[in-house]
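Subject: Handover of a structure

Dear colleague,

I am passing the structure below to you for your records. A summary of the findings follows it.

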Amino acid sequence: MAAYILRRILLIVPTLLGIMLLNFAIIQFAPGGPVEQIISELEAEAGESAQAANQSYRGRQGIDPDLIADLERQFGLDKPVHERFLLMIWNYARFDFGESFQRSETVINIILEKMPVSISLGLWALLGRADRAYGSIAAPVPRCTGRALPSSRCQK
């Protein structure tokens, strides 16, 4: 039994690495990363400011390539893919999940902020599950109410 438990515990490591690799591949190779999001916001602001100044908007003027290179460097997109993956693993091992793009605060603070509600919901779900387990254990035991048929199984 101890060998089985040890084997199951050791299988956690490759399973987690596989899940993280799949997650990394989906996030890295999906279109619309943080750099593209910032570029589209900058282009939208440039278009609005040109319209607000009563100038005719002459189409896409383009973003400075140095700004794009700085953004890629800021988000680590200038490094090779394998280096980014290893850096992600290293940061996760230190519980450094980075900063949220939408809330401008660290992800660990957001997790800690939401943790009490998650723990509460988990405990209530566990309690509900335990109640059902106790009920299914007690259900097969017949009880006699005094009106049972002679052929029924009654505990006396």
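Phenylalanine 95 is situated in the loop that runs between α5 and α6 (107-138); helices (H or I, at least four residues) and strands (E, at least two) are DSSP runs, numbered from the N terminus. The model is a predicted one, in which local features need pLDDT of at least 70 and side-chain atom pairs count only at pLDDT 80 or more, while totals for chains, interfaces and linings use all residues. Residues are numbered from 1 along each chain as its sequence is written, and side-chain values use heavy atoms, with hydrogens and water left out.

Phenylalanine 95 follows α5 and has a positive phi, near 60°, in a residue other than glycine. With a relative accessible area of 56%, phenylalanine 95 is exposed (buried means under 20% relative accessible area, exposed over 50%, partly exposed in between, with a 1.4 Å probe and protein chains only). Serine 104 lies in the loop between α5 and α6 as well. Its phi is also positive, near 55°, and at 56% relative accessibility serine 104 counts as exposed.

**The chain as a whole**

The protein chain contains six helices and zero strands, so that the order of elements from the N terminus is α-α-α-α-α-α. Of the 156 residues in the protein chain, 8% are buried. Among contacts with a separation of 6 or more, 45% come from residues 24 or more positions apart, where contact means heavy atoms within 4.5 Å. The accessible surface of the protein chain is about 13100 Å², and carbon and sulfur atoms hold 62% of that surface; the areas come from the Shrake-Rupley method with a 1.4 Å probe, and for residues only the protein chains shown count as cover.

**Helix α5**

Helix α5 comprises 13 residues (residues 81-93), which should span 18 Å at 1.5 Å a residue; its end C-alpha atoms are 19 Å apart, which agrees. The expected span is 1.5 Å times one less than the number of residues.

Which residues of α5 are buried? They are Arg84, Phe85, Met88 and Asn91. These residues cover an arc of only 125° around the axis, which puts them on the same side of α5; the arc is that of the directions from the helix axis to the C-beta atoms. An α-helix has 3.6 residues a turn, so residues three or four places apart point the same way. On the other side of α5, His82, Leu86, Trp90 and Ala93 are exposed. The cover over the buried residues of α5 includes α2 (12-29).

**Aromatic pairs**

A search of the whole structure gives three aromatic pairs. Rings of Phe, Tyr and Trp (its six-membered ring) pair if their centres lie within 6.5 Å; planes under 30 degrees apart count as stacked, over 60 as edge-to-face and the rest as tilted.

The ring centres of phenylalanine 24 and phenylalanine 85 are 5.3 Å apart and the planes stand at 65°, so this pair is edge-to-face. It links distant parts of the chain, with phenylalanine 24 in helix α2 and phenylalanine 85 in helix α5, 61 residues apart. Phenylalanine 24 is buried at a relative accessible area of 6%, and phenylalanine 85 counts as buried at 15%.

Tyrosine 92 and phenylalanine 97 form a tilted pair, 5.4 Å centre to centre with 55° between the planes. Tyrosine 92 is partly exposed at 31% relative accessibility, as is phenylalanine 97 at 30%. Tyr92, Phe95 and Phe97 form one aromatic cluster.

Yours sincerely
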